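Trainee: Could we go through this model together? I would like to see what stands behind the terms.

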Amino acid sequence: MPLVSGAEVVLAAAKAGRGVGAFNVIQLEHATALIAGAERVGAPVILQISENAVKYHGALKPIGVATLAAAAAATVPVVVHLDHAMDRDLVTEAVSLGFTSVMYDASKLEYADNVASTTEVTAFCHDHGVFVEAEIGEVGGKDGVHAPGARTRPDEALAFAEATGVDALAVAVGSSHAMTERTASLDFDLIAELHAAVPVPLVLHGSSGVADPDLTRAVEAGMTKVNIATHLNNVFTAKVREVLTDNPTLVDTRKYLGPARDEVAAEVARLLTILKATSSE
């Protein structure tokens, strides 16, 4: 199946009231696991490569091209997305490589500068048929808009979306990045208010800290794109630890990365069902 656009997947899900799982790729094993999980339940999926992952690899092209190749061979719709990109040159490179979605993060800038920069990036991406996600900016706490106590005001979200022309908006409703326990408390009333006020799909970052029932409830309240990374890293790493503990002399990386990949695939399939991501949900 050819690689699909972010607009095709996210807008269709928003219209149908379904969620879309957006999961991070660090290594090729992650990409193939995410696709396998999506194929198991027949759901579209978004493969995200963050600016931090690019720094880890030293360049975007190797992991980007590998992920694009895996996506092109999938039997379900797959979007390859650049996540939390603050470097505009990186956005340009991702678009040139064939990424169909970008999250441009100018949230650390002052509001007016964020709007101006995001508007320019959005215009560039739209000229190349690329879907754009953004976020308003610092609301409170060191984690900015995604600190647990931060909240996005519906009127501000509407103004930002209209001013920049973005296709999706990440909002602060109680989740936080890099949570290793699923104890986040989401503001479902605010999600519903944002959904009613903002004309573009909403994005939930930091969803690893959100319990299963609340993920479903968030989608039902109006959330569309749901980002999950740390939770799947926990799943991957736990399986690696288990295999190596049971086989202390093991040195073949395929013997422990393979089982970890399979474990992530199973969890992705389960999460996509929780997110109501399949057409039958």
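Trainee: Leaving aside its neighbours within four places in sequence, which residues is D105 in contact with?

Mentor: D105 touches H84, A85, M86 and E135, where contact means heavy atoms within 4.5 Å. Bear in mind that this is a predicted model, in which local features need pLDDT of at least 70, side-chain atom pairs count only at pLDDT 80 or more, and totals for chains, interfaces and linings use all residues. Residues are numbered from 1 along each chain as its sequence is written, and side-chain values use heavy atoms, with hydrogens and water left out.

Trainee: Why is D105 called buried?

Mentor: Buried means under 20% relative accessible area, exposed over 50%, and partly exposed in between (1.4 Å probe, protein chains only). D105 has a relative accessible area of 10%, so D105 counts as buried. With 3%, E135 is buried too.

Trainee: What makes the link between the side chains of D105 and H84 a polar contact?

Mentor: The term asks for a pair of N or O atoms within 3.5 Å; within protein, one must be able to donate a hydrogen and the other to accept it, and residues adjacent in sequence count only if both atoms are side-chain atoms. D105 and H84 are joined at 2.8 Å, and the side chains of E135 and S107 make a polar contact at 3.0 Å.

Trainee: How do you know that D105 and E135 gather at one spot?

Mentor: UniProt, in an unreviewed entry, places the feature "binding site" at both D105 and E135.

How values were computed:
UniProt positions renumbered as here; feature names shortened; annotations may be inferred.
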